[in-house]
Amino acid sequence: MVNTIIFDLGAVLIDWHPFHLYRQIFSDEAEMNEFIDTICTNHWNEEQDGGRTLAEGTELLVKQFPEHEENIRAYYGRWTEMLNGPIQGTVNIFKRLKDSGKYKIYALTNWSHETFPIAQEKFEFLNWFDGVVVSGTEKMRKPQPEFYQLLLDRYDVKPEEAVFIDDNFRNIEAGRKLGIDSIHFTNPEELEVELQKKGLL
């Protein structure tokens, strides 16, 4: 019997993407993609999500690519411009699950401890959770199994009684290895169908 729902945040409940910022900076889409794929990469950003400070991550990259200094500094200097608002369909599902009173609902997120409070202030629904586990605060992140285990232990969640929702298939696979039924998020409509199939909505 499922009594716990665990949500990822970015690209599931919040439309966060560097594109939202860098489309304002680059006039050429290919040039922008090249910058995101080779300089301000996902891997680099995940190091900040794992606890490295924004200042340290930024200076490291500026030293490596001095010719791109201005655009590198924009990543965290203009970080709020990467937040394109809530993914309303998922927020509506979250509200329905919460209002049902049947589930404890948690967030497990790869997010810098320096930027998460900004998002929390901006999006009221981030305060609806029964608990939020932020990678930057814990200095570990998905898909590391100990990060999932931290949430399970902290909130006394049994893997077989939980469902985990994430847009990154790598993270889904890690959850399944721990015995957590996991849904690969693509869009709110598909999520609703999956949750209905499981009898949760």
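Predicted model: local features only at pLDDT ≥ 70, side-chain atom pairs only at ≥ 80, totals over all residues.
Buried here means under 20% relative accessible area.

Helix α4 holds L61, and at a relative accessible area of 4% L61 counts as buried, because the cut-off is 20%. Leaving aside residues up to four places away in sequence, L61 touches I39, C40, W44 and I72.

Now for the charges. A search of the whole structure turns up 14 salt bridges. One of them joins R141 to E47, with the closest N and O atoms 3.4 Å apart. R141 sits in the loop between α8 (135-138) and α9 (145-154) while E47 is in helix α3, so the pair ties together parts 94 residues apart in sequence. R141 is buried at 14%, whereas E47 is partly exposed at 29%. Both belong to a network of salt bridges that also links E46 and R170.

Another salt bridge pairs D181 with K198 at 2.9 Å, N to O. D181 lies in strand β7 and K198 in the segment after α11 (188-197), so this pair ties together parts 17 residues apart in sequence. R23 and E29 form a salt bridge as well, their closest N and O atoms being 2.9 Å apart.

Elsewhere, D28, E31, E34 and D37 gather in a surface patch of negative charge.

How values were computed
Residues numbered from 1 in each chain as written. Heavy atoms only, no water. Helix = DSSP H or I, 4+ residues; strand = E, 2+ residues; numbered from the N terminus. Buried < 20%, exposed > 50% of the residue type's maximum accessible area, 1.4 Å probe, protein only. Contact = heavy atoms within 4.5 Å. Patch = residues over 30% accessible without salt bridge, like charges linked within 9 Å, V, L, I, M, F, W, Y side chains within 5 Å. Areas by Shrake-Rupley, 256 points an atom, 1.4 Å probe, with all protein chains shown as cover. Salt bridge = Lys/Arg side-chain N within 4 Å of Asp/Glu carboxyl O. Lys, Arg positive; Asp, Glu negative; His and termini not counted. Charge placed at Lys NZ, Arg CZ, Asp CG, Glu CD.
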